[in-house]
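Colleague: Could you walk me through this one? I would like to go slowly and ask things as they come up.

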Amino acid sequence: MNLPNRLTIVRIILIPVFLLLLVLPLNWGEVTWLGTAIPVTQILGAIVFAVASITDFLDGQIARRQHLVTNFGKFADPLADKMIVMTAFILLVAMKAVPAWGVAIIVCRELAVTGLRLIVVETGGQVLAAAWPGKIKTTTQMVGIILLLLNNIGFGAINVPMALIFFYICLFFTIYSGIDYFVQNRQVFAESSAE
C-alpha cells in the first residue's frame, strides 16, 4: 500500500465523517464571519471537505511523479472523488443551497462518464486522462462546495454569491467536459455498432 493509495483511503474514510457532521442534529453554535452566521458543523464540514480535496490533488501528483500508479489507485481514486462530491451536492440540495436540477445533471454526467470509462477499458482501449475542461470542473466543484458550506459568503462590500457563481461555472464545465469525453471516445460506439 503506497502513499497515494493511503491518501485515497483517507479520503474514503472522510466521507462518513463529512456526512455525519452535516446530518446529525449537532448544535455546536454558529460563527459570524463577514456578517454571515455559519453553523460550526458546516465550518467543520467545509474543513473536512477541503482536506479530502487536498488529498485528491496530492495522491495524483505523488503517484505520477514517483511512478506509483496502481490498479487500486486507478479504480479507487476517481471513485472516492465522485463519492465525496456527490455526497456534498446531495446534502447541499437538502440544505436548499443549490438547485436539485443542477445536481441531477452533475450526477448523470458522472455516471455516464464512469460507464464510458468502463466500456473503454473492457474493449481494450486506453482511458483518457482528464483534459483541462474536466480539471476546471473538478476545481470549481471543490471550491464551490466549500463556499456553499460557508453559507455562500460574498467578498467585500459587493457581497457577490461566489459559491453560486462557482456552481454554475462547474455546471457548464460538467456538461462541456462530459460531451468532450464522449467525443474523444466516439470510436467505442463505432466499434460496438460494427459488431
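Colleague: What holds the side chains of Arg 11 and Asp 56 together?

Modeller: Keeping in mind that this is a predicted model, the side chains of Arg 11 and Asp 56 meet in a salt bridge, with 3.9 Å from N to O. The pair links distant parts of the chain, since Arg 11 belongs to helix 1 and Asp 56 to helix 2, and the two residues are 45 apart.

Colleague: Are Arg 11 and Asp 56 buried or exposed?

Modeller: Both Arg 11 and Asp 56 are buried.

Colleague: And which residue does Asp 59 form a salt bridge with?

Modeller: Asp 59 forms a salt bridge with Arg 11, and here the closest N and O atoms are 3.0 Å apart. This pair also links distant parts of the chain, with Asp 59 in helix 2 and Arg 11 in helix 1, 48 residues apart. Asp 59 is buried, as Arg 11 is.

Colleague: How many salt bridges are there in the whole structure?

Modeller: A search of the whole structure finds seven salt bridges. One of them is between Lys 137 and Glu 110, whose closest N and O atoms are 2.8 Å apart. That pair links distant parts of the chain as well, with Lys 137 in helix 5 and Glu 110 in helix 4, which covers residues 100-122, and the two are 27 residues apart. Lys 137 and Glu 110 are both buried.

Colleague: Which residues are joined into one network by shared partners?

Modeller: Salt bridges that share partners join Arg 11, Asp 56, Asp 59, Asp 77 and Asp 81 into one network.

Colleague: Back to helix 1, then. How many residues does it have, and what does it reach from end to end?

Modeller: Helix 1 runs over residues 3-23, so numbered in the chain, and has 21 residues. From its first C-alpha to its last it reaches 31 Å, which is close to the 30 Å expected at 1.5 Å a residue.

Colleague: What caps its N-terminal end?

Modeller: Asn 2 caps the N-terminal end of helix 1, with a side-chain oxygen lying 3.0 Å from the backbone nitrogen of Asn 5.

Colleague: Which residues of helix 1 are buried, and what covers them?

Modeller: The buried residues of helix 1 include Leu 7, Leu 14, Ile 15, Phe 18, Leu 21 and Leu 22, and Arg 11 is listed among them too. What covers the buried residues of this helix includes helix 2 (40-65), helix 3 (71-94) and helix 5 (132-149).

Colleague: New topic, the rings. How many aromatic pairs does the count come to?

Modeller: The count comes to nine aromatic pairs. Among them, Trp 132 and Tyr 176 form a tilted pair, at 6.2 Å centre to centre and with 40 degrees between the planes. Trp 132 lies in helix 5 and Tyr 176 in helix 6, residues 162-184, so the pair ties together parts that are 44 residues apart in sequence.

Colleague: Where do those two stand, buried or exposed?

Modeller: Trp 132 is exposed, with a relative accessible area of 53%, whereas Tyr 176 is partly exposed at 38%. Another pair, Phe 172 with Phe 173, is edge-to-face, at 5.0 Å centre to centre and 85 degrees between the planes. Phe 173 has 14% relative accessibility and therefore counts as buried, the cut-off being under 20%.

Colleague: Which rings are linked into a cluster?

Modeller: Ring pairs link Phe 89, Trp 101, Phe 167 and Tyr 168 into a cluster.

Colleague: And what sits over the ring of Tyr 181?

Modeller: The charged end of Arg 117 sits over that ring, 5.0 Å from its centre.

Key
Residues are numbered from 1 along each chain as its sequence is written. This is a predicted model: local features need pLDDT of at least 70, side-chain atom pairs count only at pLDDT 80 or more; totals for chains, interfaces and linings use all residues. Side-chain values use heavy atoms; hydrogens and water are left out. Helices (H or I, at least four residues) and strands (E, at least two) are DSSP runs, numbered from the N terminus. The expected span of a helix is 1.5 Å times one less than its number of residues. Buried means under 20% relative accessible area, exposed over 50%, partly exposed in between (1.4 Å probe, protein chains only). Contact means heavy atoms within 4.5 Å. A polar contact is a pair of N or O atoms within 3.5 Å; within protein, one must be able to donate a hydrogen and the other to accept it, and residues adjacent in sequence count only if both atoms are side-chain atoms. Rings of Phe, Tyr and Trp (its six-membered ring) pair if their centres lie within 6.5 Å; planes under 30 degrees apart count as stacked, over 60 as edge-to-face and the rest as tilted. A charge sits over a ring if NZ of Lys or CZ of Arg is within 6 Å of the ring centre and within 35 degrees of the ring normal. A salt bridge is a side-chain nitrogen of Lys or Arg within 4 Å of a carboxyl oxygen of Asp or Glu.
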